[in-house]
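Have the structure open as you read.

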Amino acid sequence: MLSEPTAPAETGWRHPRRANSLSEVYASIKVPAANASFWRKLMAFWGPGLMVAVGYMDPGNWATDLAGGSKYGYTLLSVVLISNLFAMLLQHLAAKLGIVTGRDLAQACRDHYSRPISLMLWFLCEIAIAACDLAEVIGSAIALNLLFGLPLAWGVVLTTLDVLVVLFFQNKGFRIIESIVAGLMVLIFGCFLYELIVSRPDWVALAHGLVPQRQVVTTPGMLYVAIGILGATVMPHNLYLHSSIVQTRQIEQTEAGKRMAIKFATIDSTVALFLAFFINAAILVLAAAAFHHNGMFEVAKIQDAYKLLAPVLGAGAASVLFAVALLASGQNSTLTGTLAGQIVMEGFLDLKLRPWVRRLITRLVAVVPALTVAIIYGESGAEKLLVFSQVILSMQLSFAVVPLVLFTSSRAKMGVFVNRPVVRVLAWSVSAVIIALNGYLLWQTAVG
């Protein structure tokens with residue numbers, strides 16, 4: 001049995017920890033002893049980072065990456081890179097919060113804030129998860145439509161089946177879910193590796209695009225797309241998710257044990273987010289090579305990209321693999337989004353529901369509006385709803401980032417694991433940039 005968290009992790013909290021996060025899988029995965037090899041330890045901690053990285057390549061990101069690549073070529077690659085660097089820092093803080101305190105971000109918010117503020121944060125977070133789920137549902141439905149000609153409404157209905165899938169495999173062990181996510185990510189990676197090869201990008205221009213350019217800020221249209229890429233990359237529900245699923249590892253509740261866990265959890269998430277960077281960058285590079293290079297500057301819709309890829313590249317498999325990657329991305333994101341919904345509901349409300357009821361509620365919140373729009377407005381309405389979901393996510397992001405940085409910068413809450421001064425400055429700077437840019441994106445969207 002694991003001992004309770006050590007004293008330094010409890011002194012800064014108002015209440016003792018009431019329940020473990022994701023109690024059905026909490027500390028269910030054993031880790032090797034401290035004297036084990038580096039690779040054995042890494043393999044034991046490998047997995048949560050991949051589940052987090054899924055949120056950084058969900059269907060909501062595709063439209064912004066396609067728009068950026070087709071309109072501005074490789075120029076906005078630097079924005080994709082910077083967005084992922086921001087994400088790496090924030091996910092490191094989320095993992096550290098969960099490992100050190102034994103609380104996920106939702107539980108920490110419930111303890112720290114008054115009941116009204118905590119309920120407000122819960123409500124905003126549920127809206128964000130529903131918006132993210134909406135993007136995943138619509139993305140999967142579009143992929144099914146492109147691959148099999150399935151009407152969008154039927155595609156939306158089929159996406160509800162993931163509730164049963166998560167329930168079934170989580171009962172088999174958390175490692176099973178991690179393996180499914182990893183398998184789907186390998187599939188997405190393979191699809192885009194093929195797309196990059198057949199698109200024959202300009203590698204010199206690609207390398208130049210990784211260096212930040214002044215015109216990104218000085219050109220209004222480019223700045224707007226750049227902010228959209230940033231807003232679609234950093235997902236608020238990932239911070240709640242990561243702070244919880246790192247606790248599935250059965251670590252020693254000592255300073256040395258926690259330091260080891262933080263080290264390997266950070267390596268895990270950083271490597272996984274580099275993979276997410278490759279996939280997001282590949283979408284933008286594909287759009288730049290296939291569309292921008294051929295004078296097609298306004299390809300921003302997923303359906304348009306699917307129809308144009310094969311004839312433009314002269315490769316029949318290009319369009320099919322693009323849709324396969326989209327379907328895998330949507331399904332992967334639904335798995336992690338469903339878990340995030342459970343973590344948020346239990347963490348903020350201390351409410352225990354039967355797993356199938358809890359997940360069905362989470363899924364219906366997204367399926368109902370998606371199904372309504374698909375039936376009434378069809379393809380164009382679904383595409384607009386996809387964009388709208390990203391705006392909602394932008395609105396909610398600051399309400400997850402600020403508490404995370406605040407908690408991990410508190411010596412009373414974190415003890416010896418408190419953020420060092422340089423990390424604190426970086427974290428608050430990144431938070432300020434994200435909040436400012438997302439606020440600007442929201443304002444521009446409202447004006448537009």
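## The largest cavity

Sort the lining of the largest cavity by residue type and you get six nonpolar, four polar and two charged residues. Keep in mind that this is a predicted model. That lining is made up of 12 residues, and the volume inside comes to about 100 Å³. If you want to find the spot on screen, go for Tyr-26, Ile-99, Gln-247, Ile-251 and Gln-253, which lie nearest the centre.

In total, the count is four cavities of 30 Å³ or more.

## The second largest cavity

Next up is the second largest cavity, with about 80 Å³ of space. Its lining has 14 residues, and nearest the centre you'll find Ala-19, Asn-20, Gln-107, Glu-346 and Gly-347. By type, the lining splits into six charged, five polar and three nonpolar residues.

Which helix gives the most to this lining? That would be H16, with four residues. Helix H5 (105-112) and helix H16 (316-349) each bring at least two residues to the lining.

## Helix H4

Now for helix H4, which covers residues 77-101. Its 25 residues should span 36 Å at 1.5 Å a residue, and the end C-alpha atoms sit 37 Å apart, so the two values agree.

Is H4 mostly covered or mostly open? Mostly covered: 22 of the 25 residues in H4 are buried.

How values were computed: Residues numbered from 1 in each chain as written. Predicted model: local features only at pLDDT ≥ 70, side-chain atom pairs only at ≥ 80, totals over all residues. Heavy atoms only, no water. Expected span 1.5 Å × (residues − 1). Buried < 20%, exposed > 50% of the residue type's maximum accessible area, 1.4 Å probe, protein only. 1 Å grid on protein atoms, 1.4 Å probe; cavity = no way out; pocket = protein on both sides within 12 Å on 5 of 7 lines; lining within 4 Å. Points joined across faces, edges and corners; volume = space filled by probe spheres on them. Nonpolar A, V, L, I, M, F, W, Y, C, P; charged D, E, K, R; others polar.
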